[in-house]
Amino acid sequence: MAEGGESAIDVFGKVLTKLSKILGREPPFTIVTAELNAKGLIADGQLSAVKRQGLTNDQRGNEVAEKLKEKIGDSDNPNECVLKICDVFESDTVDYPTLKGYGAKMRKSISNQSRQTSGVNKTKKCPPKKFAVDDETDGPQASKQGHKNEQESDDEQESSDEDEPMTKDSKNPTGPQDMSTQIPKQGAGNKKFDKQEGPPMWLYEQMILDRKLPKPETIETEDLKGIEYLLLPATVTENDAVEYYLKLSSLNCSTSIKAIDIDGLIIYVGSYGKTKVMVTMTAPAKNKQGPVHAAVITTKILERFTSIKYVVAIGVCFGKGPSKDQKLGDVVVSDEIFNFVSKRRGVDDDSQRGGNHTLRHDTVNIFKKLKMPRKIKVLQGGIVSTADLIDNPGIKEELFKKFPNAIAGEMEGIGVVTAIEYTLQRVDVIVIKGIGDWGDGNKEATKGWKPFAARAAAHYVHNVLNQ
């Protein structure tokens, strides 16, 4: 309750009519709605509806005000929601004296209530909420892992060559954010490592999910200067996890995400943690998985953007096998990438012909082990890269016999390594992937882990680049 027993929605309701007359006018309309949208107070779809042709200034001002009222009413923390609106009205970006006055008036009412309940006599300006990265959920409106989506696998979609995005229009996402020791299971609970049930339930912040990524546009050269990190998820499942943290970072850092189109390749530019990055997907369809497309796409980007120093292949890998040292959902950080794409296939044996890639010391140091939520282990070691999707226990066993120092396997890393061999600049590659299965012919038993593993890898890279 606010001052005098008023609720937050009552506080906002007192100025709603007057706000309606101001918010629809220019210049405040364009600036204010952009700021409200950036802070998640009005969704993209709602903003598009407000901007439709045929509305008078009063009508569109009223729609904006009513949508803010709905947002406050739906919020788990209405006071905080009103204070976020006040932040927009009082910001230097908006710079509209009447709105500043209404913002200050609402803030005073909310702050007086806070003093009464906490016994604190000093009024402080409440900053916008920062979305947590290691909390039990991503926020009060977080969505649970969707049972349908978490059962989907990129290897199962036989009916179509195209993978369908899991988060862009989905209300049932899969994802993480927790340092809790109490891990809710989807199966019968914690068991031995060789009998892992479903993945822990990791939650998404709905406000972040609802944010839409921009359409491609012409970007100023200045916006692309100095970007050193290229993040390469392969499949849609992997890309969804990376995009979530890209959106979260843009909110927490108050930065925008931009998109560019290079010959049909969509590249997003924005903050990932506190670091500016480029993000693009190498395998939007199953027939594009593997090293060839990863190499082509990496080459195209590195030729155009010469500031890039580190390429990070993020996603899902198969593990060596369940043990006390390795379990589903753990994150593998490569220090060496073993090449089993180029090989000699003889009568009695297959042998390696391609060279391996040992990571530079500075790369290993940047991506050194960090603590992860949900008892996820971070495993550093070699990872074998092959053009084949491994799902056969005999083949997997032979593969790890050839590369005894490898602790996991995947399909894109060596393609990226090949690409950097032809660049003029000094670039390094690291593979960071979550264990989503064991490559043992039993993917059905572990299919719920793929989204979790992708999210774990995306979370880890976010943690590193947020330092």
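Modeller: Start with one term: a contact means heavy atoms within 4.5 Å. This model is predicted, local features need pLDDT of at least 70, side-chain atom pairs count only at pLDDT 80 or more, and totals for chains, interfaces and linings use all residues. Residues are numbered from 1 along each chain as its sequence is written, and side-chain values use heavy atoms, with hydrogens and water left out.

Colleague: How many helices and strands are in the protein?

Modeller: Helices (H or I, at least four residues) and strands (E, at least two) are DSSP runs, numbered from the N terminus. Here the protein has 16 helices and 14 strands.

Colleague: What share of the residues is buried?

Modeller: Buried means under 20% relative accessible area, exposed over 50%, and partly exposed in between, with a 1.4 Å probe and protein chains only. Of the 467 residues in the protein, 54% are buried. Now take the surface. Accessible areas come from the Shrake-Rupley method with a 1.4 Å probe, and for residues only the protein chains shown count as cover. The protein exposes about 21100 Å². Carbon and sulfur atoms supply 48% of that area.

Colleague: What share of the contacts joins residues 24 or more positions apart?

Modeller: Count the contacts with a separation of 6 or more. Residues 24 or more positions apart account for 78% of them.

Colleague: At what angle do α11 and α14 pack?

Modeller: First, how an angle is read. Axes are lines fitted to C-alpha atoms, for helices over the stretch in contact, and angles run from 0 to 180 degrees between N-to-C directions. Helix α11 covers residues 291–304, and helix α14 covers residues 413–420. They pack at an angle of about 35°, with their axes 7 Å apart. Handedness comes next. A crossing is left-handed if the near helix is turned anticlockwise from the far one by less than a right angle, and right-handed if clockwise. The crossing of α11 and α14 is right-handed.

Colleague: Which residues in α11 and α14 meet?

Modeller: From α11 come Pro291, Ala294, Ala295, Thr298, Thr299 and Leu302. From α14 come Ile414, Gly415, Val416, Ala419 and Ile420. These residues divide into 8 nonpolar, 3 polar and no charged. The classes are simple: Ala, Val, Leu, Ile, Met, Phe, Trp, Tyr, Cys and Pro count as nonpolar, Asp, Glu, Lys and Arg as charged, and the others, Gly among them, as polar.

Colleague: Is Thr298 buried or exposed?

Modeller: Thr298 counts as buried, because its relative accessible area is 0%. It lies in helix α11.

Colleague: How many residues of α14 are buried?

Modeller: In α14, 7 of the 8 residues are buried, so this helix is largely enclosed by the rest of the structure. Those buried are Gly413, Ile414, Gly415, Val416, Val417, Ala419 and Ile420.

Colleague: At what angle do α4 and α5 pack?

Modeller: Helix α4 (residues 57–74) and helix α5 (residues 78–89) pack at about 150°. Their axes are 7 Å apart. The crossing is right-handed. Leu68, Lys71 and Ile72 in α4 meet Pro78, Cys81, Val82 and Ile85 in α5. This contact divides into 6 nonpolar residues, no polar and 1 charged.

Colleague: What should the 17 residues of α10 span?

Modeller: The expected span of a helix is 1.5 Å times one less than its number of residues. For α10, 17 residues should span 24 Å, and its end C-alpha atoms are 24 Å apart, which agrees. The helix is mostly covered, with 17 of its 17 residues buried. In α16, 17 of 17 residues are buried.

Colleague: Where is Arg374 placed?

Modeller: Arg374 is in the loop between α12 (361–366) and β12 (378–385). It is not a glycine, yet its phi is positive, about 55°. Arg374 counts as buried, because its relative accessibility is 4%.

Colleague: Which residues is Ala408 in contact with, leaving aside its neighbours within four places in sequence?

Modeller: They are Cys317, Phe318, Gly319, Val332, Gly382, Ile383, Val384 and Phe400. Ala408 is in strand β13 (residues 406–410). At 0% relative accessibility, Ala408 counts as buried. Ser334 is 74 residues from Ala408 along the chain, and their C-alpha atoms are separated by 9.1 Å.
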